[in-house]
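Dear colleague,

I am handing over the structure below, and after it I set out what was found, grouped by topic so that you can follow along in your viewer.

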Amino acid sequence: MARLVAIQPKQPSFSALPSSHSDFNGARLISSIQYKRRPCQPKGALRVTASSTKKILIMGGTRFIGVFLSRLLVKQGHQVTLFTRGKAPISQQLPGESDQDYADFSSQLLHLKGDRMDFDFVKSSLSAEGFDVVYDINGREAAEVAPILDALPNLEQYIYCSSAGVYLKTDYLPHFEADAGDPKSRHKGKLETESLLVSRDVNWTSLRPVYIYGPLNYNPVEEWFFHRLKAGRPIPIPNSGLQITQLGHVKDLAKAFVQVLGNEKASKQVFNISGEKYVTFDGLARACAKAGGFPEPEIVHYNPKEFDFGKKKAFPFRDQHFFTSIEKAKALLGWKPEFDLVEGLTDSYNLDFGRGTFRKAADFSTDDLILEKKLVLQS
């Protein structure tokens with residue numbers, strides 16, 4: 001039988017911390033923790049409201065979204081278990097997080113080690129433990145979700161992290177939740193998962209973020225710009241740079257995930273979750289410069305069709321208009337993003353890249369191809 005392991009924190013530091021483990025026998029409920037309201041809270045502070053205690057399983061949860069989501073849930077007094085392969089530390093102290101807050105969080109976090117692609121293990125371990133709610137942060141295919149539903153017939157809610165990438169490309173924007181999906185999208189597995197949830201007798205909620213940014217982001221969204229700004233290099237942007245897109249801060253997304261928990265208005269509903277405003281590619285480059293305290297960037301436009309970049313990606317965004325309406329989430333859930341774009345990028349820079357941490361080293365090889373051709377044409 002799978003074992004739930006309680007995580008005991010080592011001496012905290014800002015680096016990723018391995019946690020020592022001890023056996024956990026049987027389920028335990030964590031009583032609600034009372035917190036004094038602080039007179040002033042920074043943007044994105046982990047404010048929570050009281051709710052009934054739930055036994056919650058998070059599929060994934062150690063990389064980005066789940067890091068912030070699990071903290072919110074633990075602060076509400078829920079018993080939170082992360083299901084991971086155990087290849088990464090289960091908890092790490094966040095920049096700006098006090099030693100006491102980290103110790104309180106990590107001492108209550110539980111771990112179920114396994115591979116979600118081992119469907120027999122998923123069924124046996126989850127049915128043995130039993131959970132009230134599942135947050136599926138890293139599910140990509142419907143086949144990965146069916147065993148979870150089979151193992152938990154009395155599940156109260158299945159909350160799924162989908163993607164706005166499921167929408168069929170259109171000339172009519174923004175995307176609304178009822179818009180057609182693209183069966184050929186690289187996110188088609190998420191679309192098929194949503195269809196599976198609809199077909200099963202389960203209370204589900206699906207959130208569709210656009211581009212997510214913020215501290216610990218493993219997708220080179222803001223980091224791509226920060227690398228170039230720090231190096232004092234021009235920023236190559238495809239075509240006109242007037243393509244409109246949308247970014248949402250990870251802390252706002254985490255709060256949306258919490259807000260749908262046990263919410264009748266979220267039952268069997270899909271919600272777009274992202275930032276309040278849209279931004280052009282050129283505008284995003286300037287916003288990143290402002291967030292990091294860099295000078296106005298030099299922007300170089302290029303035609304991607306004139307280059308062969310091989311398997312390398314020259315720009316981190318899809319070269320098109322791509323944005324959604326978040327009005328449904330605001331109206332039904334009462335949710336609203338706290339961060340505007342520059343504030344959110346500043347938060348990301350100050351708590352991550354500005355401290356010298358990033359997920360991927362800078363690679364300017366595609367930039368150099370673009371800039372070399374520009375110099376030849378100008379000479």
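In which loop is the place of Lys268? In this model, which is predicted, Lys268 sits in the loop between H7 and S15, and its phi is near 55°, a positive value in a residue other than glycine. With a relative accessibility of 46%, Lys268 counts as partly exposed.

A cis peptide bond, with omega of about 5°, joins Leu173 and Pro174, and Pro174 has its place in the loop between S9 and helix H5 (188-199).

Helix H6 (residues 222-230) deserves a separate paragraph. Eight of its nine residues are buried, so the helix is largely enclosed by the rest of the structure; the buried residues are Glu222, Glu223, Trp224, Phe225, Phe226, His227, Arg228 and Leu229. After H6 comes Gly232, whose phi is positive, near 70°.

As for charge pairs, the count comes to 15 salt bridges. In one of them the side chains of Arg228 and Asp367 meet, at 2.7 Å from N to O, and this pair links distant parts of the chain, with Arg228 in helix H6 and Asp367 in helix H11 (residues 365-378), 139 residues apart. Are the two partners buried or exposed? Arg228 has a relative accessible area of 3% and therefore counts as buried, and Asp367, with a relative accessible area of 0%, is buried as well.

Lys330 takes part in a salt bridge with Glu276 at 2.6 Å, N to O, and that pair too links distant parts of the chain, since Lys330 is in helix H9 and Glu276 in the loop between S15 and strand S16 (279-280), 54 residues apart. Lys330 also forms a salt bridge with Glu327, the closest N and O atoms being 3.4 Å apart; Lys330 and Glu327 both lie in helix H9, three residues apart, which is about one turn of the helix. An α-helix has 3.6 residues a turn, so residues three or four places apart point the same way. Lys330 is partly exposed at 23% relative accessibility, as is Glu276 at a relative accessible area of 34%, and Glu327 is partly exposed at 46%. Elsewhere, Arg116, Asp136 and Glu144 are linked in a network of salt bridges.

Finally, on the surface, Arg63, Arg140, Arg186, Lys313 and Lys360 gather in a patch of positive charge. Arg63 has its place in the loop between strand S4 (55-59) and helix H1 (65-75), and Arg63 counts as exposed because its relative accessible area of 51% is over 50%.

With kind regards

Key:
Residues numbered from 1 in each chain as written. Predicted model: local features only at pLDDT ≥ 70, side-chain atom pairs only at ≥ 80, totals over all residues. Heavy atoms only, no water. Patch = residues over 30% accessible without salt bridge, like charges linked within 9 Å, V, L, I, M, F, W, Y side chains within 5 Å. Areas by Shrake-Rupley, 256 points an atom, 1.4 Å probe, with all protein chains shown as cover. Salt bridge = Lys/Arg side-chain N within 4 Å of Asp/Glu carboxyl O. Lys, Arg positive; Asp, Glu negative; His and termini not counted. Charge placed at Lys NZ, Arg CZ, Asp CG, Glu CD. Helix = DSSP H or I, 4+ residues; strand = E, 2+ residues; numbered from the N terminus. Buried < 20%, exposed > 50% of the residue type's maximum accessible area, 1.4 Å probe, protein only.
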